Every structure is written in C-alpha cells, then in structure tokens.
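Subject: A structure for you to look at

Hi,

Here is the structure I promised to pass on. Have a look at it first, then read my notes below.

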Amino acid sequence: WKSPMIATKIQAACKLANLKLKPACEQANISYGTLYSQIKHNRPIPFDTVHKLSVVLQIPIEFFTETESEMASQIAPQNKWQAAEIANADRAACSRAGFHVTTDHILDWYCREGKKKQKK
C-alpha cells in the first residue's frame with residue numbers, strides 16, 4: 001500500500017498497543033529496518049507487513065485501510081450526518097493514539113485527495 005496515512009496509522013496502532021515499532025516488528029517477524037525505511041521514505045508497504053502488524057498489535061486490519069474515509073466521501077452527498085460520524089470516529093482514533101488532527105490537516109488532505117479523485 002502506498003499511502004502516507006498507512007505510515008501514520010502504523011505508528012498510531014503501535015501507540016494504541018503500547019508497543020514501539022521495533023519490538024512490534026520483531027514479534028511480527030518482519031524487518032524493522034525495511035519497514036522503517038518504507039515509512040521514512042514514503043515507499044509502498046506490503047499488505048502482508050500490515051497484516052502481520054495487525055495481528056501482533058491486535059488491531060483490526062480495517063484500522064489501516066482508508067475505506068472509512070473513502071466511504072465517508074461516497075456517503076457525504078447522501079447522508080452528511082453519517083459521513084460526519086465516520087470522520088469523527090477516525091479523528092477520535094488518531095487523537096487517542098496521540099495524533100491531533102486539526103482542520104488544517106483535514107483541508108490539506110482534502111485538497112490533495114480531491115484533486116486526485118477529480119482526475120479519474
């Protein structure tokens with residue numbers, strides 16, 4: 001998966017599980033050096049790596065996917081309240097993990113992702 005959010009969500013999942021990245025990698029039997037490099041240089045992270053971390057950290061694989069955000073953008077025109085609830089749940093999960101999402105973060109993401117969706 002190539003997404004800057006995956007790296008952020010991996011770090012958030014480690015924080016939620018109260019485990020640093022290196023011990024999590026050791027328990028998941030994946031290379032810490034490789035994953036750290038993938039995160040640092042914004043390179044794709046294989047699904048298998050994310051799945052192994054999901055198991056070790058006891059965090060559902062859905063936590064790492066962007067399907068909730070994608071679903072929110074699809075639902076928004078039909079049900080703005082439900083879209084807001086989904087967005088708030090994502091934001092709350094990030095806050096619990098120590099990542100404080102501001103309106104600026106959301107607007108930056110929206111500008112970046114909105115342009116990609118319009119090109120399709």
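Is Asp-48 buried, partly exposed or exposed? Asp-48 is partly exposed, with a relative accessible area of 44% (buried means under 20% relative accessible area, exposed over 50%, and partly exposed in between, using a 1.4 Å probe and protein chains only).

Before you go further, a word on the ground rules. This is a predicted model, in which local features need pLDDT of at least 70 and side-chain atom pairs count only at pLDDT 80 or more, while totals for chains, interfaces and linings use all residues. Residues are numbered from 1 along each chain as its sequence is written, and side-chain values use heavy atoms, with hydrogens and water left out.

Back to Asp-48, which is found in helix α4 (helices are DSSP runs of H or I with at least four residues, strands are runs of E with at least two, and both are numbered from the N terminus). Its partner there is Lys-52: the two form a salt bridge, with the closest N and O atoms 3.5 Å apart (that takes a side-chain nitrogen of Lys or Arg within 4 Å of a carboxyl oxygen of Asp or Glu). The count by this rule is one salt bridge. Helix α4 covers residues 47-57, and Lys-52 and Asp-48 sit four residues apart in it, about one turn of the helix. An α-helix has 3.6 residues a turn, so residues three or four places apart point the same way. Lys-52 is partly exposed too, at 28% relative accessibility. Further back along the chain, Ile-30 is 18 residues from Asp-48, and their C-alpha atoms are 9.5 Å apart.

Now helix α3, residues 32-40: Leu-35, Ser-37, Gln-38 and Ile-39 are buried there. After α3 comes Asn-42, which has a positive phi, near 50 degrees.

What about disulfides? A search of the whole structure finds zero (a disulfide is a pair of cysteine sulfur atoms within 2.5 Å).

One last thing to find on screen: Lys-9 lies over the face of Phe-63, 5.9 Å from the ring centre (the rule asks for NZ of Lys or CZ of Arg within 6 Å of the ring centre and within 35 degrees of the ring normal).

Cheers
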